[in-house]
Amino acid sequence: MTRAKPEDDEYWNSSKFRAFTFDDDDDEFSRLKESKRAVNSILVGDDDDDDDDDVERVSWSGEPVGSISWSVKETASSIRSGSEQSFPKIDTTPSLSKQGSGYSLSSLFKAKSKSGAFQSFSESFSDISTRTYAPALRKPKSDGKDFVSDLSPEETVRRMQKGRAFSLEKFRSLQDKLLLLDEAVAVYDGNVITAVLIYLKKSLSKEILYRELMARDVALRHYVHYLKEMGEQKLLVELLKALGRTEDMALMQYKEHLNIKDEGRRREFLKSCLSLPFSQDDATHVQDHYTLLERQIIIEASDKKADTDIFRKFPRKASILNMPIITTLYYSCFYHYGESEGTFSSPSNIRKTFRISEKQYILTALGARAKLKSWFDVDSLFNTKNWLGYTKKRSPVGFHRVVDILQKNSAPVQVLQEYVNLIDDPELKLSVALKYKCHDVIINTYRDLKDRQQLIVYRDKLEQDSVEYRKIQELLNNGQIRWKN
(Lines give C-alpha, C1' and ligand atoms only; values in the text may rest on other atoms or scores of the structure.)
Protein backbone atom coordinates (compact mmCIF):
# COMPACT_ATOMS: atom_id res chain seq x y z
CA MET A 1 0.00 0.00 0.00
CA THR A 2 1.46 3.34 -1.02
CA ARG A 3 1.76 5.92 1.71
CA ALA A 4 1.07 9.58 1.17
CA LYS A 5 4.05 11.98 1.52
CA PRO A 6 3.06 13.31 4.97
CA GLU A 7 2.63 9.74 6.13
CA ASP A 8 6.09 8.88 4.76
CA ASP A 9 7.67 11.67 6.79
CA GLU A 10 5.72 10.57 9.81
CA TYR A 11 6.83 6.99 9.25
CA TRP A 12 10.51 7.79 9.07
CA ASN A 13 10.34 10.22 12.00
CA SER A 14 8.59 7.67 14.21
CA SER A 15 10.39 4.50 13.13
CA LYS A 16 12.28 2.42 15.60
CA PHE A 17 15.39 2.64 13.45
CA ARG A 18 16.53 5.82 11.75
CA ALA A 19 17.50 5.91 8.11
CA PHE A 20 21.22 5.97 7.27
CA THR A 21 22.77 9.39 6.78
CA PHE A 22 26.28 10.59 5.99
CA ASP A 23 26.36 13.01 8.93
CA ASP A 24 28.69 10.82 10.99
CA ASP A 25 30.26 13.80 12.73
CA ASP A 26 26.87 14.87 14.21
CA ASP A 27 25.86 11.37 15.39
CA GLU A 28 26.76 12.06 19.00
CA PHE A 29 25.15 15.47 18.77
CA SER A 30 21.89 13.91 17.52
CA ARG A 31 21.82 11.38 20.36
CA LEU A 32 22.26 14.16 22.89
CA LYS A 33 19.34 16.00 21.31
CA GLU A 34 17.15 12.91 21.70
CA SER A 35 18.23 12.67 25.30
CA LYS A 36 17.20 16.27 25.85
CA ARG A 37 13.78 15.73 24.25
CA ALA A 38 13.23 12.59 26.33
CA VAL A 39 13.97 14.36 29.60
CA ASN A 40 11.94 17.43 28.68
CA SER A 41 9.01 15.22 27.66
CA ILE A 42 8.83 13.97 31.25
CA LEU A 43 8.71 17.47 32.68
CA VAL A 44 6.57 19.21 30.07
CA GLY A 45 4.17 16.33 29.48
CA ASP A 46 3.39 16.94 25.80
CA ASP A 47 0.10 15.24 24.91
CA ASP A 48 -0.18 16.43 21.34
CA ASP A 49 1.49 13.52 19.58
CA ASP A 50 -1.41 11.09 19.58
CA ASP A 51 -0.21 9.46 16.39
CA ASP A 52 2.80 7.87 18.11
CA ASP A 53 0.72 5.60 20.29
CA ASP A 54 1.53 2.50 18.32
CA VAL A 55 5.22 3.20 17.80
CA GLU A 56 8.03 2.85 20.32
CA ARG A 57 11.33 4.65 19.56
CA VAL A 58 14.41 2.60 20.31
CA SER A 59 18.13 3.36 20.21
CA TRP A 60 20.75 1.42 18.20
CA SER A 61 21.29 -0.76 21.28
CA GLY A 62 17.63 -1.78 21.26
CA GLU A 63 16.54 0.10 24.42
CA PRO A 64 13.46 2.33 24.16
CA VAL A 65 14.44 5.91 23.41
CA GLY A 66 13.28 8.06 26.27
CA SER A 67 13.50 5.43 28.96
CA ILE A 68 15.06 6.51 32.19
CA SER A 69 17.94 4.02 31.83
CA TRP A 70 18.62 5.10 28.25
CA SER A 71 18.48 8.81 29.08
CA VAL A 72 20.79 8.60 32.07
CA LYS A 73 23.20 6.23 30.28
CA GLU A 74 23.46 8.34 27.15
CA THR A 75 23.80 11.61 29.03
CA ALA A 76 26.47 10.22 31.37
CA SER A 77 28.47 8.63 28.55
CA SER A 78 28.38 11.88 26.58
CA ILE A 79 29.69 13.81 29.55
CA ARG A 80 32.50 11.29 30.14
CA SER A 81 33.56 11.01 26.47
CA GLY A 82 33.66 14.70 25.63
CA SER A 83 36.57 16.09 27.63
CA GLU A 84 36.29 19.50 25.98
CA GLN A 85 32.61 20.05 27.00
CA SER A 86 31.08 19.97 30.45
CA PHE A 87 27.35 20.26 31.10
CA PRO A 88 25.82 21.24 34.41
CA LYS A 89 24.32 18.44 36.39
CA ILE A 90 20.54 18.46 36.45
CA ASP A 91 18.05 16.67 38.54
CA THR A 92 15.84 14.64 36.21
CA THR A 93 14.28 12.49 38.99
CA PRO A 94 12.12 14.60 41.26
CA SER A 95 11.59 13.07 44.66
CA LEU A 96 8.30 11.20 44.84
CA SER A 97 6.92 9.08 47.56
CA LYS A 98 7.08 5.41 46.65
CA GLN A 99 3.82 4.73 48.34
CA GLY A 100 2.06 7.66 46.66
CA SER A 101 2.88 6.47 43.15
CA GLY A 102 0.90 3.73 41.51
CA TYR A 103 2.43 3.87 38.11
CA SER A 104 5.34 1.93 36.56
CA LEU A 105 8.19 3.51 34.64
CA SER A 106 7.05 1.92 31.42
CA SER A 107 3.73 3.69 31.69
CA LEU A 108 5.53 7.00 31.39
CA PHE A 109 6.88 6.25 27.90
CA LYS A 110 4.23 3.85 26.59
CA ALA A 111 1.19 5.00 24.71
CA LYS A 112 -0.20 8.15 26.27
CA SER A 113 -3.55 7.02 27.57
CA LYS A 114 -6.66 9.12 26.95
CA SER A 115 -7.62 8.46 30.56
CA GLY A 116 -6.60 10.74 33.36
CA ALA A 117 -4.01 8.37 34.74
CA PHE A 118 -1.07 10.09 33.06
CA GLN A 119 -2.54 13.49 33.79
CA SER A 120 -2.80 12.57 37.45
CA PHE A 121 0.80 11.57 37.50
CA SER A 122 1.93 14.77 35.78
CA GLU A 123 0.01 16.80 38.31
CA SER A 124 2.32 15.43 40.98
CA PHE A 125 5.06 17.63 39.50
CA SER A 126 3.06 20.77 40.04
CA ASP A 127 4.46 21.16 43.53
CA ILE A 128 7.98 21.64 42.19
CA SER A 129 8.75 25.35 42.42
CA THR A 130 11.39 25.37 39.68
CA ARG A 131 11.06 23.37 36.46
CA THR A 132 14.43 21.92 35.30
CA TYR A 133 15.33 21.16 31.69
CA ALA A 134 18.19 19.37 29.95
CA PRO A 135 21.07 21.76 29.23
CA ALA A 136 21.43 23.45 25.86
CA LEU A 137 23.58 21.32 23.63
CA ARG A 138 26.49 22.55 21.54
CA LYS A 139 29.07 20.94 19.29
CA PRO A 140 32.60 20.35 20.59
CA LYS A 141 35.09 23.06 19.75
CA SER A 142 37.41 22.34 16.85
CA ASP A 143 40.93 21.32 17.72
CA GLY A 144 43.35 24.21 18.02
CA LYS A 145 41.29 27.02 16.53
CA ASP A 146 39.45 28.00 19.68
CA PHE A 147 42.20 27.10 22.15
CA VAL A 148 45.49 28.34 20.68
CA SER A 149 45.08 31.71 22.36
CA ASP A 150 44.92 30.06 25.80
CA LEU A 151 48.04 27.91 25.52
CA SER A 152 51.06 28.28 27.79
CA PRO A 153 54.57 28.69 26.35
CA GLU A 154 55.27 25.00 26.96
CA GLU A 155 52.09 23.88 25.21
CA THR A 156 52.70 26.30 22.33
CA VAL A 157 56.21 24.93 21.76
CA ARG A 158 54.91 21.36 21.82
CA ARG A 159 52.31 22.23 19.21
CA MET A 160 54.98 23.87 17.07
CA GLN A 161 57.09 20.72 17.24
CA LYS A 162 54.15 18.55 16.18
CA GLY A 163 53.17 20.88 13.33
CA ARG A 164 49.79 21.73 14.85
CA ALA A 165 48.04 25.09 14.85
CA PHE A 166 49.58 27.72 17.14
CA SER A 167 49.61 31.45 17.66
CA LEU A 168 52.44 33.61 18.99
CA GLU A 169 50.47 36.84 18.95
CA LYS A 170 49.05 36.19 22.42
CA PHE A 171 52.52 36.55 23.94
CA ARG A 172 52.56 40.34 24.24
CA SER A 173 54.54 41.09 27.36
CA LEU A 174 58.33 40.92 27.36
CA GLN A 175 58.26 38.30 30.11
CA ASP A 176 55.96 36.00 28.12
CA LYS A 177 58.10 36.37 24.99
CA LEU A 178 61.26 35.52 26.88
CA LEU A 179 59.58 32.51 28.50
CA LEU A 180 58.55 31.35 25.03
CA LEU A 181 62.13 31.76 23.77
CA ASP A 182 63.61 29.90 26.75
CA GLU A 183 61.13 27.06 26.26
CA ALA A 184 62.04 26.83 22.57
CA VAL A 185 65.76 26.67 23.44
CA ALA A 186 65.08 24.00 26.06
CA VAL A 187 63.65 21.56 23.49
CA TYR A 188 66.75 21.90 21.22
CA ASP A 189 64.64 22.31 18.07
CA GLY A 190 66.29 24.70 15.62
CA ASN A 191 63.13 25.27 13.59
CA VAL A 192 61.12 26.21 16.66
CA ILE A 193 63.89 28.51 17.94
CA THR A 194 64.13 30.26 14.56
CA ALA A 195 60.35 30.69 14.36
CA VAL A 196 60.25 32.30 17.80
CA LEU A 197 63.21 34.55 16.94
CA ILE A 198 61.44 35.76 13.79
CA TYR A 199 58.44 36.71 15.93
CA LEU A 200 60.66 38.50 18.46
CA LYS A 201 62.45 40.32 15.63
CA LYS A 202 59.08 41.71 14.50
CA SER A 203 57.67 42.52 17.92
CA LEU A 204 60.69 43.80 19.90
CA SER A 205 62.98 46.74 19.40
CA LYS A 206 66.55 46.01 18.31
CA GLU A 207 68.03 47.23 21.58
CA ILE A 208 65.87 44.95 23.74
CA LEU A 209 66.29 41.96 21.43
CA TYR A 210 70.09 42.30 21.29
CA ARG A 211 70.28 42.75 25.05
CA GLU A 212 68.32 39.57 25.72
CA LEU A 213 70.21 37.55 23.11
CA MET A 214 73.50 38.40 24.80
CA ALA A 215 72.43 36.22 27.74
CA ARG A 216 71.31 33.34 25.50
CA ASP A 217 74.18 31.91 23.44
CA VAL A 218 72.14 29.21 21.68
CA ALA A 219 69.46 31.64 20.57
CA LEU A 220 72.14 34.15 19.54
CA ARG A 221 73.90 31.62 17.29
CA HIS A 222 70.60 30.72 15.64
CA TYR A 223 69.78 34.39 15.10
CA VAL A 224 73.20 35.12 13.57
CA HIS A 225 72.84 32.11 11.26
CA TYR A 226 69.33 33.23 10.28
CA LEU A 227 70.54 36.72 9.37
CA LYS A 228 73.39 35.25 7.32
CA GLU A 229 71.04 32.93 5.44
CA MET A 230 68.60 35.75 4.72
CA GLY A 231 71.40 38.05 3.57
CA GLU A 232 70.54 40.79 6.07
CA GLN A 233 74.09 42.09 6.31
CA LYS A 234 73.21 45.46 7.80
CA LEU A 235 71.27 43.93 10.69
CA LEU A 236 74.06 41.44 11.24
CA VAL A 237 76.66 44.21 11.41
CA GLU A 238 74.48 46.12 13.91
CA LEU A 239 74.06 43.00 16.02
CA LEU A 240 77.77 42.20 16.13
CA LYS A 241 78.56 45.82 16.96
CA ALA A 242 76.01 45.83 19.80
CA LEU A 243 77.52 42.60 21.14
CA GLY A 244 80.99 44.13 21.17
CA ARG A 245 82.33 41.73 18.56
CA THR A 246 84.08 44.45 16.60
CA GLU A 247 86.34 42.16 14.57
CA ASP A 248 83.41 40.04 13.40
CA MET A 249 81.50 43.22 12.64
CA ALA A 250 84.41 44.53 10.54
CA LEU A 251 84.65 41.26 8.60
CA MET A 252 80.92 41.25 7.87
CA GLN A 253 81.10 44.81 6.63
CA TYR A 254 84.15 43.95 4.51
CA LYS A 255 82.21 41.16 2.81
CA GLU A 256 79.86 43.77 1.41
CA HIS A 257 82.41 44.37 -1.37
CA LEU A 258 81.20 41.15 -3.01
CA ASN A 259 77.93 42.89 -3.88
CA ILE A 260 79.65 45.81 -5.63
CA LYS A 261 80.13 45.20 -9.35
CA ASP A 262 81.78 48.45 -10.42
CA GLU A 263 85.56 48.28 -9.87
CA GLY A 264 85.91 51.97 -9.06
CA ARG A 265 83.21 51.86 -6.37
CA ARG A 266 84.64 48.61 -5.01
CA ARG A 267 88.09 50.19 -4.72
CA GLU A 268 86.64 53.14 -2.78
CA PHE A 269 84.69 50.78 -0.53
CA LEU A 270 87.82 48.76 0.23
CA LYS A 271 89.65 51.98 1.00
CA SER A 272 86.95 52.88 3.56
CA CYS A 273 87.33 49.44 5.14
CA LEU A 274 90.98 50.10 5.99
CA SER A 275 89.91 52.02 9.10
CA LEU A 276 87.73 49.23 10.49
CA PRO A 277 88.88 47.43 13.67
CA PHE A 278 90.31 44.28 12.07
CA SER A 279 92.76 41.95 13.69
CA GLN A 280 96.38 42.39 12.58
CA ASP A 281 96.28 39.54 10.06
CA ASP A 282 92.92 40.59 8.66
CA ALA A 283 94.03 44.21 8.38
CA THR A 284 97.03 43.10 6.28
CA HIS A 285 94.77 41.05 4.04
CA VAL A 286 92.35 43.95 3.45
CA GLN A 287 95.28 46.29 2.71
CA ASP A 288 96.67 43.83 0.14
CA HIS A 289 93.27 43.45 -1.44
CA TYR A 290 92.91 47.19 -1.89
CA THR A 291 96.46 47.53 -3.28
CA LEU A 292 95.96 44.60 -5.68
CA LEU A 293 92.70 45.96 -7.07
CA GLU A 294 94.21 49.41 -7.49
CA ARG A 295 97.14 47.90 -9.41
CA GLN A 296 94.88 45.68 -11.53
CA ILE A 297 92.88 48.72 -12.61
CA ILE A 298 96.09 50.43 -13.77
CA ILE A 299 97.36 47.31 -15.63
CA GLU A 300 93.97 46.69 -17.25
CA ALA A 301 93.71 50.24 -18.54
CA SER A 302 97.20 50.02 -20.06
CA ASP A 303 96.91 46.52 -21.59
CA LYS A 304 93.58 47.25 -23.25
CA LYS A 305 95.40 49.63 -25.61
CA ALA A 306 98.61 47.55 -25.93
CA ASP A 307 99.65 46.49 -29.46
CA THR A 308 102.91 44.66 -28.90
CA ASP A 309 103.90 41.30 -30.43
CA ILE A 310 103.02 39.31 -27.34
CA PHE A 311 99.46 40.65 -27.29
CA ARG A 312 99.00 40.06 -31.02
CA LYS A 313 100.38 36.54 -30.86
CA PHE A 314 98.56 35.61 -27.64
CA PRO A 315 95.42 37.79 -27.33
CA ARG A 316 94.03 38.20 -23.83
CA LYS A 317 91.14 35.87 -23.05
CA ALA A 318 89.83 37.67 -19.96
CA SER A 319 90.21 40.79 -17.89
CA ILE A 320 92.71 40.87 -15.05
CA LEU A 321 90.32 42.75 -12.75
CA ASN A 322 89.34 41.04 -9.48
CA MET A 323 91.67 38.10 -10.14
CA PRO A 324 93.62 36.44 -7.28
CA ILE A 325 97.21 37.45 -6.62
CA ILE A 326 98.71 34.27 -8.13
CA THR A 327 96.66 34.71 -11.30
CA THR A 328 97.84 38.30 -11.48
CA LEU A 329 101.46 37.15 -11.09
CA TYR A 330 101.01 34.54 -13.84
CA TYR A 331 99.54 37.23 -16.11
CA SER A 332 102.48 39.50 -15.37
CA CYS A 333 105.02 36.71 -16.07
CA PHE A 334 103.25 35.92 -19.33
CA TYR A 335 102.85 39.44 -20.77
CA HIS A 336 105.31 41.61 -18.80
CA TYR A 337 108.27 39.35 -18.05
CA GLY A 338 111.58 41.22 -18.03
CA GLU A 339 110.13 44.63 -17.19
CA SER A 340 111.96 46.75 -14.64
CA GLU A 341 110.98 46.52 -11.02
CA GLY A 342 109.74 50.12 -11.03
CA THR A 343 106.64 49.33 -13.11
CA PHE A 344 103.40 48.14 -11.51
CA SER A 345 103.09 45.26 -13.99
CA SER A 346 106.61 43.90 -13.37
CA PRO A 347 106.67 40.33 -11.92
CA SER A 348 109.47 41.26 -9.55
CA ASN A 349 107.50 44.30 -8.33
CA ILE A 350 104.42 42.19 -7.68
CA ARG A 351 106.50 39.58 -5.92
CA LYS A 352 108.07 42.16 -3.65
CA THR A 353 104.87 44.15 -2.95
CA PHE A 354 102.78 41.14 -1.96
CA ARG A 355 105.56 39.16 -0.26
CA ILE A 356 105.29 36.11 -2.52
CA SER A 357 107.64 33.29 -1.54
CA GLU A 358 110.44 32.15 -3.82
CA LYS A 359 108.89 28.72 -4.22
CA GLN A 360 105.52 30.12 -5.31
CA TYR A 361 107.16 32.62 -7.62
CA ILE A 362 109.34 29.95 -9.31
CA LEU A 363 106.38 27.62 -9.93
CA THR A 364 104.20 30.44 -11.33
CA ALA A 365 106.89 31.93 -13.55
CA LEU A 366 107.94 28.46 -14.76
CA GLY A 367 104.40 27.69 -15.91
CA ALA A 368 104.07 31.03 -17.72
CA ARG A 369 107.43 30.90 -19.52
CA ALA A 370 107.10 27.19 -20.41
CA LYS A 371 103.72 27.97 -21.93
CA LEU A 372 105.49 30.41 -24.27
CA LYS A 373 108.24 27.83 -25.01
CA SER A 374 110.78 30.32 -23.71
CA TRP A 375 113.37 27.77 -22.54
CA PHE A 376 116.04 30.39 -22.02
CA ASP A 377 113.83 32.14 -19.46
CA VAL A 378 113.19 28.77 -17.87
CA ASP A 379 116.92 28.21 -17.45
CA SER A 380 117.35 31.69 -16.00
CA LEU A 381 114.92 30.85 -13.20
CA PHE A 382 117.27 28.15 -11.87
CA ASN A 383 120.72 29.45 -12.80
CA THR A 384 122.76 30.70 -9.86
CA LYS A 385 126.40 31.69 -9.57
CA ASN A 386 128.68 30.78 -6.72
CA TRP A 387 131.38 33.04 -5.37
CA LEU A 388 133.83 31.68 -7.92
CA GLY A 389 131.53 32.72 -10.77
CA TYR A 390 130.48 29.21 -11.75
CA THR A 391 126.86 28.75 -12.85
CA LYS A 392 124.82 26.02 -11.23
CA LYS A 393 121.13 25.16 -11.34
CA ARG A 394 119.34 25.27 -8.02
CA SER A 395 115.63 25.01 -7.27
CA PRO A 396 113.52 25.56 -4.12
CA VAL A 397 111.27 22.77 -5.41
CA GLY A 398 112.22 19.27 -6.46
CA PHE A 399 113.46 18.97 -10.03
CA HIS A 400 111.02 16.11 -10.59
CA ARG A 401 108.22 18.70 -10.26
CA VAL A 402 110.02 20.95 -12.70
CA VAL A 403 110.15 18.06 -15.18
CA ASP A 404 106.40 17.48 -14.76
CA ILE A 405 105.62 21.14 -15.59
CA LEU A 406 107.97 21.10 -18.58
CA GLN A 407 106.48 17.90 -19.95
CA LYS A 408 102.92 19.28 -19.66
CA ASN A 409 104.04 22.21 -21.80
CA SER A 410 105.57 19.92 -24.44
CA ALA A 411 109.22 20.65 -23.70
CA PRO A 412 111.79 19.03 -26.06
CA VAL A 413 113.47 15.80 -24.99
CA GLN A 414 116.83 17.54 -24.60
CA VAL A 415 115.32 20.04 -22.14
CA LEU A 416 113.55 17.28 -20.23
CA GLN A 417 116.72 15.15 -20.01
CA GLU A 418 118.70 18.09 -18.72
CA TYR A 419 116.38 18.56 -15.78
CA VAL A 420 115.89 14.82 -15.19
CA ASN A 421 119.67 14.52 -14.77
CA LEU A 422 119.43 17.14 -11.98
CA ILE A 423 117.37 14.77 -9.80
CA ASP A 424 119.59 13.53 -6.98
CA ASP A 425 117.85 10.29 -6.05
CA PRO A 426 118.90 7.55 -8.59
CA GLU A 427 115.69 5.54 -8.21
CA LEU A 428 113.51 8.63 -8.60
CA LYS A 429 115.60 9.76 -11.55
CA LEU A 430 115.19 6.36 -13.25
CA SER A 431 111.44 6.35 -12.57
CA VAL A 432 110.94 9.82 -14.07
CA ALA A 433 113.17 8.94 -17.05
CA LEU A 434 111.18 5.78 -17.78
CA LYS A 435 107.93 7.72 -17.44
CA TYR A 436 108.92 10.33 -20.03
CA LYS A 437 111.15 8.03 -22.18
CA CYS A 438 114.41 9.87 -21.66
CA HIS A 439 116.56 7.13 -23.23
CA ASP A 440 119.97 8.66 -22.60
CA VAL A 441 119.21 9.14 -18.91
CA ILE A 442 117.97 5.53 -18.60
CA ILE A 443 121.02 4.06 -20.33
CA ASN A 444 123.49 6.14 -18.30
CA THR A 445 121.68 5.29 -15.05
CA TYR A 446 121.86 1.51 -15.71
CA ARG A 447 125.51 1.92 -16.67
CA ASP A 448 126.28 3.75 -13.42
CA LEU A 449 124.43 1.05 -11.49
CA LYS A 450 126.41 -1.64 -13.46
CA ASP A 451 123.12 -3.46 -14.04
CA ARG A 452 123.76 -5.48 -17.23
CA GLN A 453 120.49 -7.46 -17.10
CA GLN A 454 118.25 -4.36 -16.93
CA LEU A 455 120.25 -2.81 -19.75
CA ILE A 456 119.66 -5.89 -21.92
CA VAL A 457 115.92 -5.86 -21.10
CA TYR A 458 115.66 -2.19 -22.05
CA ARG A 459 117.69 -2.76 -25.27
CA ASP A 460 115.14 -5.35 -26.43
CA LYS A 461 112.38 -2.70 -26.22
CA LEU A 462 114.14 -0.42 -28.71
CA GLU A 463 114.42 -0.56 -32.47
CA GLN A 464 117.66 -2.19 -33.67
CA ASP A 465 118.50 0.66 -36.00
CA SER A 466 118.03 3.38 -33.39
CA VAL A 467 120.88 5.35 -31.87
CA GLU A 468 119.94 4.21 -28.37
CA TYR A 469 120.07 0.53 -29.38
CA ARG A 470 123.58 0.88 -30.78
CA LYS A 471 124.70 2.80 -27.70
CA ILE A 472 123.54 0.00 -25.38
CA GLN A 473 125.24 -2.58 -27.56
CA GLU A 474 128.54 -0.71 -27.33
CA LEU A 475 128.27 -0.62 -23.54
CA LEU A 476 127.55 -4.34 -23.34
CA ASN A 477 130.62 -5.07 -25.48
CA ASN A 478 132.89 -2.87 -23.36
CA GLY A 479 135.11 -5.19 -21.39
CA GLN A 480 136.37 -2.47 -19.05
CA ILE A 481 132.98 -2.21 -17.26
CA ARG A 482 132.66 -4.56 -14.30
CA TRP A 483 128.97 -5.56 -14.28
CA LYS A 484 127.25 -6.72 -11.11
CA ASN A 485 125.26 -9.41 -12.94
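Modeller: The structure, a predicted model, holds 0 disulfides. Cys-273 is buried, at a relative accessible area of 1%. Cys-333 is buried as well, at 0%.

Now the charged pairs. The count of salt bridges comes to 18. Take Lys-206 and Glu-238 as one of them. Their side chains meet at 3.2 Å, N to O. Lys-206 belongs to helix H9 (residues 206–213) and Glu-238 to helix H11 (residues 233–242), so this pair ties together parts 32 residues apart in sequence. What about exposure? Lys-206 is partly exposed, with a relative accessible area of 39%. Glu-238 counts as partly exposed too, at 35%.

Next, Arg-267 and Glu-268. These side chains also form a salt bridge, at 3.9 Å from N to O. The cut-off is 4 Å, so the pair counts. Arg-267 is partly exposed, with a relative accessible area of 24%. For Glu-268 the value is 44%, again partly exposed.

Then Arg-355 and Asp-288. Here the N to O distance is 2.5 Å. Arg-355 is exposed, with a relative accessible area of 53%. The cut-off for exposed is over 50%, so Arg-355 passes it.

Some salt bridges share partners. Through them, Asp-182, Arg-211, Glu-212 and Arg-216 join into one network.

Last, the helix. I pick H25, residues 467–476. Its buried residues are Tyr-469, Ile-472, Leu-475 and Leu-476. Down the axis of H25, these buried residues fall within an arc of 125°, so they line one face of the helix. The spacing rule behind such a pattern is simple. An α-helix has 3.6 residues a turn, so residues three or four places apart point the same way.

Turn to the other side of H25. There, Val-467 and Glu-474 are exposed. And what covers the buried residues of H25? The cover includes helix H23 (439–449) and helix H24 (452–459). In short, H25 has its buried residues on one face, with exposed Val-467 and Glu-474 on the other side.

Methods
Residues numbered from 1 in each chain as written. Predicted model: local features only at pLDDT ≥ 70, side-chain atom pairs only at ≥ 80, totals over all residues. Heavy atoms only, no water. Buried < 20%, exposed > 50% of the residue type's maximum accessible area, 1.4 Å probe, protein only. Helix = DSSP H or I, 4+ residues; strand = E, 2+ residues; numbered from the N terminus. Arc of directions from axis to C-beta. Contact = heavy atoms within 4.5 Å. Disulfide = S-S within 2.5 Å.
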